[in-house]
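Please consult the sequence and the structure below while reading.

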Amino acid sequence: MTKFGIIERTKALLEEISPFDDGLQVLSAEVQPIQSYIERCIQPAVDYILIFCPLHLTTAKALPTTAKTEKTDNGKKIGYIPFPSDFLRIHTIKMAGWEREVHYAISTESPIYAQQQNPYTRGGNSKPIVAKGEKLELYTYKTDDTVEKATYVAQPDIENMNGVNEKLFNPICYATAAEVLSIFGDKRSEYMQAKAQQLMQGEL
């Protein structure tokens, strides 16, 4: 998979909905060439696909392997792992005391996150929870616990696309087309986005 290949395939997808259609201003406007819009939209499209695609289609990269402890506002201690600037999603988190791996981090806006502030309702060793705030918060966590596995999915360099699964090529192109169309308020972006989701979730 290459950036050039994504650009060419996305151009073809946009051409399929008619380059001279009045409703597709991106292809008839004289503001910028179509390629400049596509190039601008590749990174957010790639990020979107890697965040929501099945985990087995992603590449795992190691996180810092030392969990730390900090106190919350209510005086309770939690464990956390900082994440780097290229972080998109967790791949696998497992503390030595946990009975299972965690592959999904809840947001701090989730109702489940509120439960983690209560020691009686928070995740435990049998059903651990990872939350993504400014750091990855670990529930439950003991100060003598060690990290058994900690990996994440990183934002790729779109100039070389290293580590991006070839099976995600078409979903990325549809998502890129959706991003381009959305810039101009074209409602056909919804179709392109839905197609990207369909491809990455079950049609690969």
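Which residue in E8 does Lys 61 stand opposite? The residue opposite Lys 61 is Tyr 152 in E8. The model under discussion is predicted. The protein chain contains six helices and eight strands, and from the N terminus on these elements follow the order α-α-α-β-β-β-β-β-α-β-β-β-α-α.

**Overall organisation**

- The protein chain has 204 residues, of which 43% count as buried.
- Among the contacts in the protein chain with a separation of 6 or more, 73% are accounted for by residues 24 or more positions apart.

**The sheet E1-E8-E4**

- An open sheet is formed by three strands in the order E1-E8-E4, and the pairing is antiparallel.
- Strand E1 (61-62) and strand E4 (87-95) are the edge strands, each of them pairing on one side only.
- E1 is joined by two bridges to strand E8 (residues 147-154), and these two strands run antiparallel.
- Helix H3 lies across E4 and E8, and runs at about 25 degrees to E4.

**Thr 151 within the sheet**

- Thr 151 has its place in strand E8.
- Thr 151 has a relative accessible area of 11%, under the 20% limit, and is therefore buried.
- Once its neighbours within four places in sequence are left aside, Thr 151 is in contact with Ala 60, Lys 61, Ala 62, Leu 63, Ile 90, His 91, Thr 92 and Ile 93.
- In general, side chains in a regular strand alternate between the two faces of the sheet.

- Strand E5 (residues 105-107) and strand E6 (residues 129-132) run parallel and are joined by three bridges.
- Within this pairing, Val 130 in E6 is the bridge partner of Ala 105.
- E6 is also joined to strand E7 (residues 136-139), in this case by four bridges, and the two run antiparallel.
- The bridge partner of Ala 131 in E7 is Glu 137.

**Packing of H3 against H5**

- Helix H3 (residues 34-52) packs with helix H5 (residues 169-183) at an angle of about 120 degrees, and their axes are 7 Å apart.
- The crossing in which H3 passes H5 is right-handed.
- On the H3 side, the contact is made by Ile 34, Tyr 37, Ile 38, Arg 40, Cys 41, Ile 42, Pro 44, Ala 45, Val 46 and Ile 49.
- On the H5 side, the contact is made by Pro 171, Ile 172, Ala 175, Thr 176, Glu 179, Val 180 and Ile 183.
- By class, the residues in the contact of H3 with H5 comprise 14 nonpolar, one polar and two charged.

**Packing of H1 against H5**

- Helix H1 (residues 3-16) packs with H5 at an angle of about 60 degrees, and the two axes are 9 Å apart.
- H1 and H5 are therefore oblique to each other.
- H1 and H5 form a right-handed crossing.
- H1 contributes Gly 5, Ile 6, Arg 9, Thr 10, Leu 13 and Leu 14 to the contact.
- H5 contributes Phe 169, Asn 170, Ile 172, Cys 173, Tyr 174, Thr 176, Ala 177, Val 180 and Leu 181.
- The contact of H1 with H5 divides into 10 nonpolar, four polar and one charged residues.
- Ile 172, Thr 176 and Val 180 of H5 are listed in the contact with H1 and also in the contact with H3.

**Backbone geometry in the loops**

- Most residues other than glycine have a negative phi, and most peptide bonds are trans.
- The peptide bond from Tyr 139 to Thr 140 is cis, with omega near 5 degrees.
- Thr 140 is located in the loop between E7 and E8.
- Met 161, although not a glycine, has a positive phi of about 60 degrees.
- The loop between E8 and H5 holds Met 161.
- Met 161 counts as buried because its relative accessibility is 3%, which is under the 20% limit.

Definitions and conventions: Residues numbered from 1 in each chain as written. Predicted model: local features only at pLDDT ≥ 70, side-chain atom pairs only at ≥ 80, totals over all residues. Heavy atoms only, no water. Axes fitted to C-alpha atoms, helices over the stretch in contact; angles between N-to-C directions. Left-handed = near helix turned anticlockwise from the far one by under 90°. Contact = heavy atoms within 4.5 Å. Nonpolar A, V, L, I, M, F, W, Y, C, P; charged D, E, K, R; others polar. Pairing = 2+ DSSP bridges. Buried < 20%, exposed > 50% of the residue type's maximum accessible area, 1.4 Å probe, protein only. Parallel < 35°, antiparallel > 145°, perpendicular 65-115°, else oblique.
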